[in-house]
Amino acid sequence: MLVLKFGGTSVANAENISKVAAIVKAAAAKDRSIVVVSALGGVTDLLLGAAGLAAAGDETYKQKLETIEQRHMDAVRQLIPVANQSQLLSLVKKSCNEIEDICNGIFLLGELTARSKDRIAAYGEWLSSRIIAAKLLADGIPATWKDSRELIRTNANYTSAEVDFSVTKRQIAEYFAVDTSGLYILPGFIASDKDGVTTTLGRGGSDYTAAIVAAAVKASSLEIWTDVSGMMTADPRLTSNARIIPHISYQEAMELSHFGAKVIYPPTIQPVMNSHIPVWIKNTFAPKDEGTLIESAANVNGNIVRGISSIGNLALISLEGSGMIGIPGFSKRLFEALSNEKINVILITQSSSEHSICVGIEAAAAERAKTVVDVAFANEIALQKVDPLKVETGLSIVALVGENMKSHPGISGRMFSALGRNGVNVRAIAQGSSEKNISAVISSADVRKAINVLHEEFFETSYKQVNLFIVGTGNVGAKLLGQLHQQIAFLQEQMSLQLHVAGLSNSRKMVLDENGIDLSKWKEQLDGGETANLQQFVNTIIAKNLRNAVFVDVTANDAVASVYEQLLKKSVSVVACNKVAASSAYSNYKKLKDLAREFNCQFLFETNVGAGLPVIATLNDLLRSGDRVHRIEAVLSGTLNFVFNNYNGTKLFADVVRQAQAEGYTEPDPRLDLSGTDVMRKIMILAREAGQVLEMDQIGNNSFLPESCIKGSVEDFYAAMAKEEAHFRALYDKAKAEGCILKFVATFNEGKASVGLQHINPQHDLYHLYGKDNIVLFYTDRYKEQPMVVKGAGAGAEVTASGVFADITRASKI
């Protein structure tokens, strides 16, 4: 025999009921079948809502009753041929009149008892089952309707009655042994006590009805038909990558359901679990989908974790105090106080020092819990042996579930590492010795991120999604976006990285889309965005709280650099092409580096020195491997190298500088390059990365630029340089006379740094440096005489963008 149960969404209206009829017809053709149905979707809430309004003296309960009657009348008219409608319409009308009479009585009394609630709620399943039985009969499918109240015996604990299984099993077995029909329709949720008074089975009651019947008749299987195609690895409303679990054990299903998976309600599965009856979770709206099979032992499907679930609206209550240490009975008294107030405990954790006990409960019960616990421990609180109960709200539980986690070391480590890397703070942890469940209490604001992070960690072996927020779309920014677009497929295939540009901003416009901006149309999308507001952009990044978030600064803007601290504190990694932060006061530089370590994210700025050259990465590799830097010599300005490589007196020095700017080698204000300020920043950054505490005013600068060139606008600067041509020609001629060339060199030597123009002879390591190239020489413990050399193009939008791109991939790997 086969038992099928259809939930409220499956029988919500005539169209859905027709789908149910088709499924039932197919099942009945294979085997003797029992169909258990819920009320039409939302009807139970309408019934109880009407009763509540009536008890409160609110006459609008009549409007709800009209809605209930209309929905059932409409269903009959749409499902049953006109010639056969009258009897069923009369039955619906009679039942609705009875409901109205009961509500009128409640209205007059101003009282709604639990018994009355059950009497009213029972009409939902009773009516839907009668309509569905009539629909099947109209379709030529003979079906016997049976009132579940005649089969299932309970106590008189109204609204959540307890089943008397010995009587219930006997009544069900006797009925189905005598009656030989091929198909039965039963209302779910409802039962009766020994006096025949209507009771209900509480939350998940229709599933429970189906499970009780299935166990009593020793059914071959129980099919629960709902609006999803089975149990899923996570809530699809929270992660788009959730997928169906094809096979799961009873224990795993109950764990997942307890922690928020709404497909089944945990107690309802107990009768079939005890009888080892397999349960199928199927989709009424996609009946050909395989669904999920629940049975005693699930096949190993390659995943150690079976699913991820969550519970919201949680409060943590903590009983703490030195007077608890070594004194038995505190836990007992705490749980007695909660039990007497009928407060359900969801999670328990206690420190081994016995100094505190932490309990998770529903947030709605937090105030009551504090009141009763503080009363229970009033004496100890007065003597300061125990603190008043602490209550934290706005929390949720996320849980990993899977029988295969048992005896697999490292699962909890992976879980907490993944959460930590994404800035999800864990407030409490619980794991039973069965190792089927690892639970963590976190802020409710972090639930979506946590579910996605854990799903990616344990189920999405194909790729890691990284969410980029890019500020700056000038020369370098535009090149970066082009490179990202070009490499998206490669990164996913070769590095298992899926890069999403979730936010983009320049000085005028900004656009944010957590599903990803189309990089082939980023200019159009940005132009159509809202007016740029940096703080609003940052606030949105923090509010969206996306996993694996990276903020990319491709500007030279002080204001943009000032927001790094906010982002790092939220575990958003920062990739900075902008040199402002790393070359700011040492205290700020160190604070940002420390924040990145503290909040498990990255603060990367490779392109601050040498554009796309791996200068900082090489330096860090040397230091991490135990080497020590004594001296650095470097040509760090692609602009100055370009200028002095191309100036020979045949063209004005000002014209060569203008050419460098036109080709994209200079800062927006070329004076930053020519004055040596930019080179000072770069050598300071390298010195700091080498472990030296260094400020800008501690760096010597032997500037070659006349004072007259510093003042005024950029155009004034060019005009002044033209007037000072004799000065620049003299510098060139002097070097040439000595058989040397001019290079602007930065030096760091045993804690001291300087920059300035030098004469470089042909034997020097810096002599053969052409175009816009940079070169850095590291003299260390291991590279004493022959330095470690990093050399290559040190300016240009394309290579700088590639350096930023490299930092993005580094930040993505944490």
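Biologist: Over the face of which residue does Arg-631 lie, and at what distance from the ring centre?
Modeller: A charge is said to sit over a ring if NZ of Lys or CZ of Arg is within 6 Å of the ring centre and within 35 degrees of the ring normal. In this structure Arg-631 lies over the face of Tyr-779, at 3.8 Å from the centre of that ring. The charged end of Lys-282 likewise sits over the ring of Trp-280, 5.8 Å from its centre. Please keep in mind that this is a predicted model, in which local features need pLDDT of at least 70 and side-chain atom pairs count only at pLDDT 80 or more, while totals for chains, interfaces and linings use all residues. Residues are numbered from 1 along each chain as its sequence is written, and side-chain values use heavy atoms, with hydrogens and water left out.

Biologist: How many aromatic pairs does a search of the whole structure find?
Modeller: A pair of aromatic rings is described by the distance of the centres and the angle of the planes. Rings of Phe, Tyr and Trp (its six-membered ring) pair if their centres lie within 6.5 Å, and planes under 30 degrees apart count as stacked, over 60 as edge-to-face and the rest as tilted. The search of the whole structure finds 23 such pairs. In one of them, the centres of the Tyr-589 and Phe-605 rings are 6.5 Å apart and the planes stand at 65 degrees, so the pair is edge-to-face. Because Tyr-589 belongs to helix H20 (residues 586-598) and Phe-605 to the loop between strand S23 (603-604) and helix H21 (615-624), the pair ties together parts that are 16 residues apart in sequence. Helices (H or I, at least four residues) and strands (E, at least two) are DSSP runs, numbered from the N terminus.

Biologist: Are Tyr-589 and Phe-605 buried or exposed?
Modeller: Buried means under 20% relative accessible area, exposed over 50% and partly exposed in between (1.4 Å probe, protein chains only). Tyr-589 has 4% relative accessibility and therefore counts as buried, and Phe-605, with a relative accessible area of 3%, is buried too. Phe-704 and Phe-728 form another edge-to-face pair, with 6.4 Å from centre to centre and 75 degrees between the planes. This pair links distant parts of the chain, 24 residues apart, with Phe-704 in the loop between strand S25 (699-702) and helix H26 (714-723) and Phe-728 in helix H27 (residues 725-737). Phe-704 counts as buried at 5% relative accessibility, as does Phe-728 at 2%. Phe-704 and Phe-728 also belong to one aromatic cluster with Phe-644, Tyr-647, Phe-653, Tyr-732 and Phe-744.

Biologist: What is the order of strands in the open sheet of seven?
Modeller: Two strands pair if DSSP finds at least two bridges between them. The order here is S20-S19-S18-S17-S21-S22-S23, with mixed pairing. Strand S20 (530-531) and S23 are the edge strands, each pairing on one side only. S21 pairs in the parallel sense with strand S17 (residues 464-471) over five bridges, and Val-550 in S21 is the bridge partner of Leu-468. S21 also pairs in the parallel sense with strand S22 (residues 573-576), over four bridges, where Val-575 is the bridge partner of Val-552.

Biologist: Why is strand S21 described as largely enclosed by the rest of the structure?
Modeller: S21 (residues 549-553) is described that way because five of its five residues are buried. Both faces are covered, with Ala-549, Phe-551 and Asp-553 buried on one side and Val-550 and Val-552 on the other. Helix H22 (residues 638-646) has seven of its nine residues buried, so it too is largely enclosed by the rest of the structure; among the buried residues are Leu-640, Phe-642 and Phe-644.

Biologist: Which residues line the second largest cavity?
Modeller: On a 1 Å grid over the protein atoms alone, a cavity is a set of points where a 1.4 Å probe fits but cannot get out, a pocket is an open set with protein on both sides within 12 Å along at least five of seven lines, and lining residues have an atom within 4 Å of a point. The lining of the second largest cavity is formed by Ala-211, Leu-222, Ile-224, Ile-264, Thr-268, Ile-269, Val-272 and Val-279.
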